[in-house]
Every structure is written in C-alpha cells, then in structure tokens.
Amino acid sequence: MKNYINLSDITDLQALITEAAELKKGDSTLEIGKGKTLGMLFFNPSLRTRLSTEKAGKLLGMDVMVMNAGSDSWKLEFEDGAVMDSDKAEHIKEAAAVLSQYCDIIAVRAFPDLKDREKDEAEIVLNSFKKYASVPVVNLESATGHPLQALTDALTISELKQKERPKVVLSWAPHPKALPQSVPNSFTEMMQNLDVDYVIANPKGYDLNPEIRKSVPVIHDQDEALKDADFVYMKNWSSYENYGQKLSEDRSWTLSKEKLELTNNAKVMHCLPVRRNMIIADEVLDSDNSVVIQQAGNRTYAAQAVLKEILEEKVKVTKLGKNA
Amino acid sequence: MKNYINLSDITDLQALITEAAELKKGDSTLEIGKGKTLGMLFFNPSLRTRLSTEKAGKLLGMDVMVMNAGSDSWKLEFEDGAVMDSDKAEHIKEAAAVLSQYCDIIAVRAFPDLKDREKDEAEIVLNSFKKYASVPVVNLESATGHPLQALTDALTISELKQKERPKVVLSWAPHPKALPQSVPNSFTEMMQNLDVDYVIANPKGYDLNPEIRKSVPVIHDQDEALKDADFVYMKNWSSYENYGQKLSEDRSWTLSKEKLELTNNAKVMHCLPVRRNMIIADEVLDSDNSVVIQQAGNRTYAAQAVLKEILEEKVKVTKLGKNA
Amino acid sequence: MKNYINLSDITDLQALITEAAELKKGDSTLEIGKGKTLGMLFFNPSLRTRLSTEKAGKLLGMDVMVMNAGSDSWKLEFEDGAVMDSDKAEHIKEAAAVLSQYCDIIAVRAFPDLKDREKDEAEIVLNSFKKYASVPVVNLESATGHPLQALTDALTISELKQKERPKVVLSWAPHPKALPQSVPNSFTEMMQNLDVDYVIANPKGYDLNPEIRKSVPVIHDQDEALKDADFVYMKNWSSYENYGQKLSEDRSWTLSKEKLELTNNAKVMHCLPVRRNMIIADEVLDSDNSVVIQQAGNRTYAAQAVLKEILEEKVKVTKLGKNA
C-alpha cells in the first residue's frame with residue numbers, strides 16, 4: 001500500500017482485515033515504526049480518529065505529532081498559480097513537501113463544505129497532499145470518503161457475522177444538521193467488496209452518488225429494508241441530488257426497539273458520534289444488539305493495519321514536492 | 001486505588017505521600033506504564049496540571065494523549081434520555097466507553113459553572129466518566145474538588161514541617177473574578193486527614209460547604225487566624241452560601257509582609273496561578289517564606305504516585321459502558 | 001551553550017554547523033535526551049518550527065510537551081510589581097519557575113506587536129523566561145530574532161555553496177501584511193559571521209535596524225543588488241524607521257525568472273511560509289533554483305544541534321526563579 005486515500009488503495013482486503021484482527025490480539029511487540037514519525041493534520045475536529053490513529057502509530061513504535069491546521073498554524077492555499085495576497089499564508093505545495101521531510105507518513109482530515117458538489121468531489125486537500133507529499137498519505141476522513149472507518153466496519157462485521165453471507169442494511173436516520181456522505185460512501189464501497197447481501201434504505205431525495213452505489217438496491221421503505229437484516233448500520237447524511245441539503249428530519253426513521261424486531265436480531269452499528277434518540281433510540285443503543293463500542297474499539301486496529309502495511313512498503317516515493 | 005476522584009479514593013494516605021516522596025528522588029527507572037496509555041481530557045484550560053500529569057505519565061513509561069474537549073472535538077451530552085437534536089454531538093455514554101478502549105487511564109478536568117450549586121455538586125462530568133468508563137478515572141480538578149492538588153499540598157507540608165503538629169491556616173484572599181471552591185474544599189478535606197492544627201480564615205459570607213468543613217474552626221478575623229501559623233495557604237474562592245458570587249474584593253486580606261509577621265515565620269503556599277499583589281504581595285512571594293514553586297514542582301510526584309498506584313491495581317474494572 | 005536566544009549564544013559557529021550536518025546523516029542513535037523533557041510554548045502559530053523542533057527533541061530521545069499559551073492555558077503578566085486584577089492570571093515569574101521544574105529545556109515563540117519599537121526590542125517574553133527560568137531557554141522566533149532559522153540558513157548555504165566566498169543577497173519583497181523583522185535581522189547577523197559577500201536590497205524606508213546591519217551595504221535598486229548573486233534570500237519585512245508600517249506593496253520586487261537571470265544562477269531561499277507570486281513567482285519556486293524545501297528540511301538538524309549542545313552543557317543553571 002502506497003497511500004490510504006481510497007478503498008482502491010487496498011491491494012488485498014481479506015489480508016488487511018486478517019492483519020487488523022491479528023494486531024487486535026496485541027501480543028507481539030512491534031518495532032517496525034521505531035524512529036519513524038506519523039504527522040496528523042486536522043482541518044476539522046476529531047475524537048475517535050484522532051486518538052485511535054495516534055494510538056495505532058504508538059503501538060507500532062512511531063513518534064506521533066498532531067497539529068490542528070488553522071488554530072495551531074495558518075490557512076493553506078490550494079489553488080495553482082494563485083497570487084497569494086489574501087489570508088492564506090502558505091501554499092500546499094510547500095506545506096506538503098516540508099511535512100514530508102518531518103514525517104514518514106502524513107495523515108489528514110478535511111471535511112467537505114457541502115456547498116459545491118464539484119469542489120467537494122475534487123478532494124482538493126487530500127489530493128493535493130497526495131500530489132505534493134513525498135511520503136505516504138492517509139485519509140482521516142475527507143470530503144467524500146472515510147476509508148479507515150470502512151475498514152473498521154469490515155473488521156467488525158467479519159468478527160460478528162454468524163452466517164456465510166449476512167444481510168447488511170445501511171439506513172439513513174434524522175439529524176439536526178446536514179452531514180457529509182463520506183461514511184455511507186466508504187461503507188457502501190466496502191460492502192461491495194465483502195461477501196454480504198447489501199441494501200441501502202433512505203427517504204426519497206437521499207440516494208447516494210450513483211457512481212458509488214452502482215447496482216446496490218436502494219429501498220425508500222425502511223421497514224421493508226430492515227426485514228431479516230443481520231447488521232443494521234444507522235447513519236445520517238445530507239442529500240446528494242440536492243447537494244448538501246437537509247431535506248428531512250423525519251423521526252420515523254430513528255431506529256427503535258420496535259423497528260429492530262423486524263430484523264434477524266441484527267447487530268446495530270454506527271461510526272459515532274451518534275445522536276441518541278435521533279439516529280438510534282436509547283433502548284437500542286443500551287441493548288446487547290448495539291456493537292458501536294466494539295466497532296469504535298476496532299478503529300485502533302484498522303489504523304494499525306494500514307500504517308503497518310504502509311511502513312512495510314518501505315520504498316519511499318521519492319518525487320520532490322516542487323517537481324510534482 | 002481504583003479511581004482518583006475524591007480523597008476518599010485513597011486507601012492509605014501516609015503510604016501515598018511516602019510513595020510520592022520516593023518518586024521525587026527519581027533514581028529508579030519505572031517500567032510499570034510501558035505500553036499503557038494515559039488519556040487527558042480538558043474541558044478547561046490548564047498549565048501545571050496538564051504538564052505535570054503528562055510528565056508523570058511519561059516518567060512511568062506511559063504514552064500520553066492530550067485532548068482539549070471542545071476545540072479538538074465537540075460538545076458532549078450528559079443528560080440521560082436526551083433527544084440529541086441540539087449542538088451536543090456525542091453522549092458521554094459513548095465517549096467514555098470509547099475512550100476506555102484507547103486509554104488505560106482517563107484523566108479529566110471539568111470546572112463548575114458557579115451558577116447552580118446543585119448542578120455543580122452533582123459533578124456530572126467526573127461522575128459520568130466514572131459511571132461509563134471501564135478504566136480508572138483521575139480528577140484533574142472538578143466542580144468541587146482538586147484532589148491531585150491536595151495530595152501535592154500534603155506532600156509539601158510533610159516535607160517542610162518543623163514540628164510534629166504544625167498550625168496550618170487556609171486564608172481567603174481577594175480576586176477580580178469569582179473562582180471555584182475546589183482547591184479550598186480538597187485542601188480542607190486533606191488537612192482533616194493530616195496531623196495538623198487547621199483553621200480557616202475568611203470574610204463573612206465565604207464559609208465553605210459545612211459538609212466539607214465539618215468541625216474545622218472558621219475565623220472571620222484574618223489577623224487572629226494567622227497568629228503563630230506554621231503554614232499559610234492563600235486562596236480566593238467564591239461564596240458557597242450566595243453560591244458562586246463574588247461578595248468582596250477586600251484587599252486588606254492580601255497577604256503582606258506585615259501580616260506574615262503575625263505568623264511563626266510561616267511557609268506560604270498557593271496552588272498557582274497566583275494573582276500577585278491581590279492574593280499575596282510581591283514582597284512575600286519573592287521572599288524565602290514562599291514555597292509555591294516547590295509546591296508546584298511536587299505536582300509531578302503526586303500525580304506519579306496516583307498513576308502508579310492505579311496501574312498497580314491492575315485488576316481492570318470490566319463493566320461495559322453501555323451496561324452501566 | 002547555556003541558552004539559544006540570540007546568535008551571540010553560539011560559542012563556535014563552524015562547529016555547530018558541522019554538528020548539524022553530522023546529525024543530518026542520522027546514522028547514530030542518540031541517547032543524550034533520554035529522560036529529559038523539552039517544553040515548547042507557543043504564543044503564536046507555527047508549522048515548521050513546531051514540528052521540526054518537536055522532531056529534533058524526539059530524535060535526541062527527549063519527551064516533548066507542546067502548549068499553545070492562550071488557548072491551552074491563560075494570559076501571562078510580564079510587568080514587575082503589577083497588581084494583577086485584570087485578565088492576566090499568572091505572572092511570568094511563577095510560570096517560568098514552574099515550567100523549569102517540568103522541563104529540562106524551555107522553547108518559546110513570541111512575535112512582536114509591531115506597534116511600539118521600544119517594547120518589541122525589550123523582548124520581554126524571551127528575556128523574562130531567560131531571567132526567571134532555571135533551565136535553558138531556546139528562541140523559537142521572538143520579536144526581533146529567529147536564530148534557529150538563521151542557523152538553518154547557514155547550514156543550507158554551507159551545503160550548497162560552490163565557491164569559497166559566495167555572494168549572498170537578502171531582498172525585500174511585497175506582502176499583503178506588515179511582517180516582523182526577526183528573520184531578516186537574524187539572517188543579517190548570521191551572514192556577518194560567515195565568509196560571504198553580503199548585501200541587502202530593499203526599497204527606501206525599509207532599511208533594517210542600523211545596529212544589526214552595521215556596515216552591510218544596503219542597495220535600493222534590486223536589479224543592481226541581484227547581479228552575480230550566488231544566493232538570493234527573498235523575504236518581506238515591515239519598516240523599521242516607520243516602525244511596523246507597510247510602506248509599499250510594490251510587485252516589481254517579486255522575484256521573477258527574468259530577475260533571476262541577473263544572478264549567477266542563484267539558489268533561491270526563503271524561510272517559509274512563502275506567498276507565491278508575491279514574494280517569489282511560481283516559475284522560480286517550481287524551478288531547480290529554489291532550495292526552500294531543502295532549507296526547511298534543515299530546520300530539524302539546526303534545532304537538533306542546538307538542543308544537543310545545550311544538553312551536553314549539562315551544568316544546570318541553578319538560580320531559583322523567585323530569587324532572580
């Protein structure tokens with residue numbers, strides 16, 4: 001693995017899940033990261049991603065440096081050819097090339113604005129780092145994807161599934177704010193690579209990007225979708241068609257105990273943070289069906305597996321930022 | 001020790017003070033924390049507590065992860081059964097259970113609002129972490145107590161006392177803002193567990209919580225209280241009776257050289273940060289009577305003793321956050 | 001080396017540059033910092049300085065604690081004798097003495113206000129730390145100097161020079177904001193200690209402090225200055241005469257390819273962050289003449305050399321903060 005920006009960066013998914021499961025046992029002392037530095041750059045807040053990735057790096061023996069872009073430093077310019085006479089003090093060309101000299105791996109979180117679909121889909125922050133950094137880049141959630149979460153989800157399903165080909169339902173749920181599509185996007189891509197029977201439930205107007213969904217069935221009747229599900233992944237997202245809009249806050253989509261009874265005693269997943277009694281009712285989150293805590297715990301091992309595979313790749317990309 | 005939230009969590013105070021004094025000698029290389037992670041979560045600013053506790057963890061071989069709740073992540077919901085449709089993105093139930101998977105000890109700072117006594121005394125942040133975390137929780141100063149400071153103070157007095165049973169005076173002093181009662185509360189509790197002659201001096205209206213004070217004499221005449229004192233602990237706090245109010249900024253309560261002459265050449269203590277010429281005059285702070293710097297230095301060893309005892313306890317509380 | 005606040009703290013410049021070059025090879029495992037703590041305190045934002053110095057400390061085996069003064073803690077009072085009844089919660093006397101107990105070296109960044117020349121030149125933050133800390137203090141860029149950058153620049157020139165005595169030109173360039181003089185000041189001081197032919201080019205009104213410039217020629221015609229230059233250091237600064245003012249945004253001073261042709265195929269330097277197409281044109285920054293990335297990479301080794309020399313000094317200054 002050279003970078004971990006999209007799921008397409010994974011060369012052997014099953015091997016990566018197995019590696020993460022092995023790392024979870026934790027009995028081997030890993031020295032592969034010794035003397036190596038992981039730099040984590042946050043353009044947006046983070047709790048799980050921040051702490052689990054920091055921990056994953058340290059479990060591999062790495063030094064970890066964490067920076068809040070913005071409050072710790074300054075605004076970056078991403079536009080080629082810009083005359084930098086505004087409030088943006090540094091161009092990504094320099095920032096990425098310089099960070100590449102201080103860090104052996106650069107991990108970046110950069111959310112979408114949810115205003116301009118084309119701009120968000122250009123993934124300018126992540127792609128600029130990929131273009132101008134001379135070291136591997138890891139996606140800590142970008143405008144359109146969250147591949148570390150998706151790997152975590154795959155590990156969690158593979159740990160908990162009780163049949164060869166479980167039915168997995170991703171269901172939209174109401175939320176007071178318009179949220180990115182990054183988690184449902186990456187989950188949907190991941191499910192297409194696992195041996196599962198996968199369907200998406202969402203209200204009309206909330207269908208995910210058809211290029212990501214491909215042939216995954218979308219059902220606009222939640223009850224119908226939930227029937228016989230072995231895993232239910234609850235998540236809010238904003239509209240893709242009416243890009244970035246909140247079209248509904250329909251609380252009949254909240255996962256209640258009653259709705260859960262439609263399923264095959266399904267395991268309930270969520271990437272967290274979860275809005276209680278909006279996305280999932282207390283009675284479900286506090287029941288044994290909820291695996292959200294175990295799922296969050298797996299974040300560490302998913303990140304550790306990715307960082308380990310990148311470190312093992314060893315061969316450093318040697319292009320210089322300024323020549324890229 | 002399972003947690004360190006209140007002084008009542010201490011099983012053997014004298015042993016803990018002795019341990020801290022031993023750790024201060026610093027000649028043994030400690031490996032007890034190797035591969036263990038301390039997570040520090042700050043809901044409020046910190047200098048001494050932040051750095052001394054981080055250092056204490058590292059001296060024990062721990063990895064330390066520091067987070068500013070709020071600026072680094074988002075607001076937490078603490079109310080049971082809340083429909084989370086406001087600005088609070090994550091419930092403490094999830095946050096505490098998830099952090100418990102990334103950290104072997106969670107340390108939390110959460111100040112009071114000083115608006116609603118009942119709410120502050122409920123210590124909802126610390127108690128929620130205690131309830132929902134599956135690992136030990138350490139209090140880095142909460143709404144009503146600062147037990148790491150109190151242990152530091154006990155260590156400092158035990159290092160410096162020149163008689164079996166010294167006279168210790170806690171005196172209120174003026175301050176431009178209304179401050180919490182956490183430091184005087186914990187100090188008062190601690191003094192009741194040490195072999196000292198303890199009195200509190202404060203203006204009328206500033207008597208501390210009677211449930212904490214118990215039979216400790218309160219004197220409203222500072223000069224009378226200071227007489228023959230071996231230790232004077234200066235500190236501002238807001239009113240408990242008129243909860244959270246600043247009733248006075250009476251600068252005749254500032255500790256001056258003249259006032260110090262009433263004492264038995266007392267050692268002068270303060271938890272810092274100290275407002276010079278409000279709480280204590282320059283002439284006192286810059287004299288040999290002041291032990292505030294030594295006292296602050298002891299923060300590291302108090303924290304180290306607490307973390308070490310918790311790590312030694314080993315037996316991890318195994319309750320799951322979601323079942324608590 | 002006891003501190004590294006000004007270039008005058010360097011005892012043997014050539015030895016220090018050689019040390020940095022040796023450290024850059026990176027093949028020796030250094031244990032000199034083991035069990036030692038570097039505390040970094042930022043009153044202003046930072047990217048390169050923050051990460052390169054943190055990395056330098058860790059490469060020496062040190063623990064590194066980073067704090068944003070202000071957002072992580074509170075405002076400091078620097079005035080002697082102040083009655084602290086305003087928004088400043090802690091006096092530098094206590095802060096420096098306390099940090100000295102948690103850290104073996106304290107590194108501080110504190111920019112100028114650019115409003116009051118006398119105040120800025122008093123370097124109250126750095127000098128107060130030097131005065132009240134009992135451990136060595138390192139300047140991470142102060143009101144009037146940036147000696148870690150200057151050492152980096154000297155290392156870079158010594159790596160790249162192709163003749164015994166190269167011609168080095170420092171040239172002013174336009175910028176939308178009024179910037180400090182710290183980088184050009186320290187660079188100018190450094191150049192006076194290297195075997196180089198050094199000239200400064202800037203518009204009228206932008207002559208640097210004559211006490212720092214001394215006999216360095218100042219040329220107000222950029223083209224004339226650039227002639228036959230082997231190194232061109234581009235940088236904006238505000239006026240010293242009309243202290244802190246932006247007198248010009250004259251873009252004819254931007255370094256273009258055309259201007260570069262006046263030089264002896266000069267290497268182009270900048271401390272970064274650089275405003276593209278204001279300070280230096282894309283065509284130059286993206287050419288092989290630009291060495292700004294290599295220069296930024298050298299920050300790590302300059303910092304490492306300074307920290308190593310300070311650690312080797314071993315003999316701790318033992319003055320107590322409160323007696324200073």
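## A strand enclosed in chain B

In this predicted model, strand E1 of chain B (residues 37-42) has 6 of its 6 residues buried, so E1(B) is largely enclosed by the rest of the structure. Both faces are covered. B:Thr37, B:Gly39 and B:Leu41 are buried on one side. B:Leu38, B:Met40 and B:Phe42 are buried on the other.

## Partners of E1(B)

E1(B) pairs with strand E2 of chain B (residues 63-68) in the parallel sense, over 6 bridges. Here B:Gly39 stands opposite B:Met65. Between E1(B) and E2(B) the chain passes through helix H2 of chain B (residues 48-59). This β-α-β crossover is right-handed.

E1(B) also runs parallel to strand E5 of chain B (residues 105-109), joined by 5 bridges. In this pairing B:Gly39 stands opposite B:Ile106.

## Helix H6 of chain A

Helix H6 of chain A covers residues 147-160, 14 residues in total. From first C-alpha to last, H6(A) reaches 20 Å, close to the 20 Å expected at 1.5 Å a residue.

Is H6(A) largely enclosed or exposed, and why? It is largely enclosed by the rest of the structure, because 11 of its 14 residues are buried. The buried residues are A:Pro147, A:Leu148, A:Gln149, A:Ala150, A:Leu151, A:Thr152, A:Asp153, A:Ala154, A:Leu155, A:Thr156 and A:Ile157.

## A:Thr53 in helix H2 of chain A

A:Thr53 is found in helix H2 of chain A. Why does A:Thr53 count as buried? It has 27 other C-beta atoms within 10 Å, and the cut-off for a buried residue is 20 or more.

Which residues does A:Thr53 contact, leaving aside neighbours within four places in sequence? They are A:Met40, A:Ala107, A:Leu140 and A:Ala303. A:Leu38 is 15 residues from A:Thr53 in sequence. The two lie 9.4 Å apart in space, C-alpha to C-alpha.

## Contacts between chains

Chain A meets chain C through 24 residues of chain A and 29 residues of chain C. On the chain A side, strands E1 (37-42), E2 (63-68) and E4 (90-91) and helix H3 (92-102) each supply at least two residues. H3(A) gives the most, with 5 residues. By class, this side has 10 nonpolar, 8 polar and 6 charged residues.

Chain C in turn touches chain B, with 24 residues from chain C and 29 residues from chain B. Strands E1 (37-42), E2 (63-68) and E4 (90-91) and helix H3 (92-102) of chain C each supply at least two residues of the chain C side. Which element gives the most to that side? H3(C) does, with 5 residues. The chain C side has 10 nonpolar, 8 polar and 6 charged residues.

Note on methods. Residues are numbered from 1 along each chain as its sequence is written. Chains are lettered from A and ligands numbered from 1 in the order in which they are written. This is a predicted model: local features need pLDDT of at least 70, side-chain atom pairs count only at pLDDT 80 or more; totals for chains, interfaces and linings use all residues. Helices (H or I, at least four residues) and strands (E, at least two) are DSSP runs, numbered from the N terminus. The expected span of a helix is 1.5 Å times one less than its number of residues. A residue is buried if 20 or more other C-beta atoms lie within 10 Å of its own, exposed if 12 or fewer, and partly exposed in between; C-beta atoms are placed from the backbone. Two residues are in contact if their C-beta atoms, placed from the backbone, lie within 7 Å. Ala, Val, Leu, Ile, Met, Phe, Trp, Tyr, Cys and Pro count as nonpolar, Asp, Glu, Lys and Arg as charged, and the others, Gly among them, as polar. Two strands pair if DSSP finds at least two bridges between them. A crossover is right-handed if, with the strands pointing away from the viewer, the path from the first strand over the helix to the second runs clockwise.
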